[in-house]
Number of protein chains: 2
Amino acid sequence: MRIDGLQYANWSEKVFRQMRSGGLSAVHVTVAYHEGFRETVTNLEDWNRRFERFPEFICKGQWAADIDCARKSGRTAIFFGAQNSSPIESDIGLIEILHTLGLRFMQLTYNNQSLLASGCYEAEDGGITRMGRQAIKEMNRVGLVIDMSHSGPRSTIEAADLSQRPITISHANPLEWSPSLRNKNDDVIRAVTGNGGIMGFSIYPHHLRDGSSCTLDSFSEMIARAVEKFGIEHFGIGSDLCQDQPDSVVTWMRTGRWTRDIDYGEGSASAPGFPPMPEWFRDNRDFANIESGLRSTGMNDDEIGAVLGGNWYRFFDESFRSVT
Amino acid sequence: MRIDGLQYANWSEKVFRQMRSGGLSAVHVTVAYHEGFRETVTNLEDWNRRFERFPEFICKGQWAADIDCARKSGRTAIFFGAQNSSPIESDIGLIEILHTLGLRFMQLTYNNQSLLASGCYEAEDGGITRMGRQAIKEMNRVGLVIDMSHSGPRSTIEAADLSQRPITISHANPLEWSPSLRNKNDDVIRAVTGNGGIMGFSIYPHHLRDGSSCTLDSFSEMIARAVEKFGIEHFGIGSDLCQDQPDSVVTWMRTGRWTRDIDYGEGSASAPGFPPMPEWFRDNRDFANIESGLRSTGMNDDEIGAVLGGNWYRFFDESFRSVT
């Protein structure tokens, strides 16, 4: 079973067909970066239309059982996540409302300080805020997973400690393999895996050693080492595939409406757009390459199955139900 | 089984306890009069809090099966409805979003012209609008019941004819029994019942013959006559109980934010507030009185059971699922 822990493609029949070719049973897709509540709902409306238009390829994912259903019918279950806490605005009641609408992941921050925590691009990481503590409690209650991919180290460690349920870093890599504000040091990875959580390995070039030129061997060896260090059950793939998106989308991701200046984020003035993907992972059809890469590190079938989907499946199964 | 097809009380533990005393297995409650989408969501958040606070009395109703579950556990299932189309603003995609959040009824209009149809207080009833036709189709698809309680006669008849699924007048009475802009003439009742729909008899005093002084005998005889004329399977109770509400609430119902003038609606300058309920129906505890009233008209147990809840149960069971 293959599950991708994060994608934000320019959704189309082509992309959904490629998910099928790649054998993806479930994909966590982003429905908000900087959008407020009403705009996020509009994005969910767009997904309702896609489920109507492409019922032979995709179905709405709300529970782990929907992955089983998708597999049986040869489809991909689409699970919603927000990369920021902007969709709940300053209203904690919206956590349950969005969960009812299908949201299953929410990042507490996206690069910047939020009402809940500090982002990984801030000079100061003040940790989890007053509202952040309340939000974590409420997300735990309703079954909305805390995702700290774009948060600062202190905020992430505090979130892992405060949360009564496992949390995630859905898409990032170990800092020691590739230095980047978005990659995670050992203390952070230990906090997240120590609370039972999962980290998804990112294939976004700015998170890779040597960027777009990163080799499959290097990526696979990095996985093998992390798995050895922190335990195989705590890792999956979160490809961060942003397929077919115009560069205006990466500009939106980086600047939203929070700045009038240009902010290149992980890019630069000379390379402001989306970086090219490594040649061994062009799109969803290339999950078989990752499987080969992992195999050549000496991982066996069970281990490869856990990293490529089994761990996410277990995590979905444990995480999305409300506590009653 | 007793089901009330419309209430808008000042919700409290007291009211929920009285629902249990009255043996109510389900109640359709109003969550919007003039609220836009975001405000309606806030009202749904308030209901989420009530379900948390009073789990021994109430539970969220989404499907007919939730009524069975409520009966077994000695609770009342609460089904959401909007008395206006204001919650969908001008966005047809919000119909499915609100259905996902639990909305099961939506009036196309509340007294005034809406984007979808004409209200019963307008001088001109232009019938179903262009967007109204699209909304009816979409409501039919997702399983959101069209409620025409506050609509004009032409709009109501057109809605019944256009709708592929049964519609409702959740709370009103026959015009011939008590003349009121809110009560319905035979052509309207025939259109709604003819499409398989249901009308709920209102106990709101302005809809009753002799208002607050209406006798139980008169009310019961009116029911017996309507049932005889249009068929027993097409009627239920929609009490329109507005218990414990301050008069500011009836002002909100009548004027929302659409006027700067005072509009007394069914009231008057000398009696601008909520009218007193008839002495035989003070609150939810008095459903037994209606049962006695119906029995004294000669109706048998099956017929009484159909009007007090059985018909609504069947209607809920047929109406709330999406067409796939």
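In this predicted model, chain A and chain B bury about 1,600 Å² between them, with 53% of that area on carbon and sulfur atoms. The contact draws on 19 residues from chain A and 19 residues from chain B.

Charged side chains take part in this interface. Between chain A and chain B there are 10 salt bridges. One of them joins the side chains of Arg38(A) and Glu89(B), with a distance of 3.9 Å from N to O.

On the side of chain A that touches chain B, the elements giving two or more residues are α2 (37–53), α4 (94–100) and α5 (130–142) of chain A. Of these, α2(A) gives the most, with eight residues. Sorted by class, this side of chain A has 10 charged, six nonpolar and three polar residues.

Asn84(B) sits in the loop between β4 (76–82) and α4 (93–100) of chain B. Is Asn84(B) buried or exposed? Its relative accessibility is 10%, and buried means under 20%, so Asn84(B) counts as buried.

The surroundings of Asn84(B) come from other parts of the chain B sequence. Leaving aside residues up to four places away in sequence, Asn84(B) touches Ala32(B), Tyr33(B) and His34(B), and also Met106(B), Gln107(B), Thr109(B) and Tyr110(B).

Note on methods: Residues numbered from 1 in each chain as written. Chains lettered and ligands numbered in written order. Predicted model: local features only at pLDDT ≥ 70, side-chain atom pairs only at ≥ 80, totals over all residues. Heavy atoms only, no water. Helix = DSSP H or I, 4+ residues; strand = E, 2+ residues; numbered from the N terminus. Buried < 20%, exposed > 50% of the residue type's maximum accessible area, 1.4 Å probe, protein only. Contact = heavy atoms within 4.5 Å. Buried area = accessible area lost by both parts, 1.4 Å probe. Salt bridge = Lys/Arg side-chain N within 4 Å of Asp/Glu carboxyl O. Nonpolar A, V, L, I, M, F, W, Y, C, P; charged D, E, K, R; others polar.
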